[in-house]
Amino acid sequence: MDEVEIPQYFLCPISLMIMKDPVTTVTGITYDRESIEVWLVTAEEDMAVTCPVTKQNLPRDIELLTPNHMLRRLIQAWCIANASNGIDRIPTPKYPLDKSHMLRLVRQVNNHQLCAEALKKIDALVIENEKNRKCLEEVGAIKAMVSFIVRNYKERKVINGLEEALKIFHLVWSPTTENEQLVKENRDLIVAILWILRSDMTKNQVVLKTQAMMVLKNVTEVSSSNLLSGLDPEFFQEMVNMLRKESKHHISQQATKAALQVLVHACSWGRNKQKIIESGAIFELIELELCNTEKRVSELVLCVLAHLCTLADGRAEFLKHAAGIGVVTKRTLRVSSSTDDCAIQILGSISKCSATKEVLMEMLRVGAVSKLCMVIQASCSDYLKKKAMEILRTHSHAWSNSPCIQVYLLTRYPGQ
């Protein structure tokens, strides 16, 4: 390829590479689309954008870039003629569709005969680039997807395109005021998603349920307090089902994280913590963490446990699991500051409200006491050090004979 002489006007003035999608600016200079778009987007906001070649001012609007079809055809013909010399053929670029065409596709989603094909086309556009996603949002794609998903549920049948509709919703979604109004009180949408999670409607269950969980996460993040407080026990039972180890061949890691995020957000409303506890979540959370190796999952699991351990029933369920204190202890100082915060909250709740002799001995046996001493010495926040010191001081009589407790650790910060 080095021996082939490339015509100079085939090269982008910015990248100095053969142009794949030549476009001409208002200054008359042709660049490769990707290079000039990056140039325009990354220019400093308070500075005028200039043409790299002529130094004349350029508008930032990429819509003003004109495709140079003639030059592109010349480049493609030249590449084909020189294929034997190792030159790769340059495919014809796909140009973004106009808003009116996207609006027609979105409207077709409401038509039973046209919806499946329309969803496939919208799905392809969504994957292609951010510009398409933004345009689809502007023409009402979110509203169309909500209607389609709910219609599937109400008709109790799977219309071709459900997987695409869920995917489109998640990728196009942004928490704008208009979108929030569509979903924040929409109980039908929540029920429809639960119906999808419970059913075995397609062969590709992992993808379908992952997309459904991602949509549910988007929705619950902006749902009203009224809707979140009114979530029923069956809702939380389904979230717990997503965490069970025996379901892992049907559930992706992405769906697991989404379920955990839904639980974290729901904990703050109404009697949801009690409902989550009664659904058997604590046992499943501990089981999940025992085999987990991903940082974000650990952060979410311990966050949910910290919320649930603020209730007496939560602490009781936590202590029923033989590995509860052990797994929290193991994660302390090994994952992140967020995990440390939650772990100390859990140990603090247990030691303050459920500190029987057996529990205190279990904390000593699994290394929780040693880990609390390490927290005091580590580069943690003052709040965590103070909390760890408080736990150690409160139960120093029970742990006084332990070799890991040294007197100076209990007296080193007398003012705390």
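This is a predicted model: local features need pLDDT of at least 70, side-chain atom pairs count only at pLDDT 80 or more; totals for chains, interfaces and linings use all residues.
E299 is part of helix 16, which covers residues 295-308. The relative accessible area of E299 is 11%. Because buried residues are those under 20%, E299 is classed as buried.

Leaving aside residues up to four places away in sequence, E299 is in contact with V335, S336, S338 and T339. One of these neighbours, S336, also forms a polar contact with E299: the two side chains are joined at 2.7 Å.

## L333, a loop residue with positive phi

L333 is located in the loop that connects helix 18 (324-331) with helix 19 (337-353). Although L333 is not a glycine, its phi is positive, at about 65°.

The relative accessible area of L333 is 30%. Since the partly exposed class lies between the buried limit of 20% and the exposed limit of 50%, L333 is described as partly exposed.

## L16, ahead of strand 1

L16 is found in the segment that precedes strand 1 (22-24). Its backbone phi is near 60°, which is a positive value in a residue other than glycine.

The relative accessibility of L16 is 58%. Exposed residues are those over 50%, and L16 therefore counts as exposed.

E299 is a buried residue within helix 16, and its side chain makes a polar contact with that of S336. L333 has a positive phi and is partly exposed. L16 likewise has a positive phi and is exposed.

Key: Residues are numbered from 1 along each chain as its sequence is written. Side-chain values use heavy atoms; hydrogens and water are left out. Helices (H or I, at least four residues) and strands (E, at least two) are DSSP runs, numbered from the N terminus. Buried means under 20% relative accessible area, exposed over 50%, partly exposed in between (1.4 Å probe, protein chains only). A polar contact is a pair of N or O atoms within 3.5 Å; within protein, one must be able to donate a hydrogen and the other to accept it, and residues adjacent in sequence count only if both atoms are side-chain atoms. Contact means heavy atoms within 4.5 Å.
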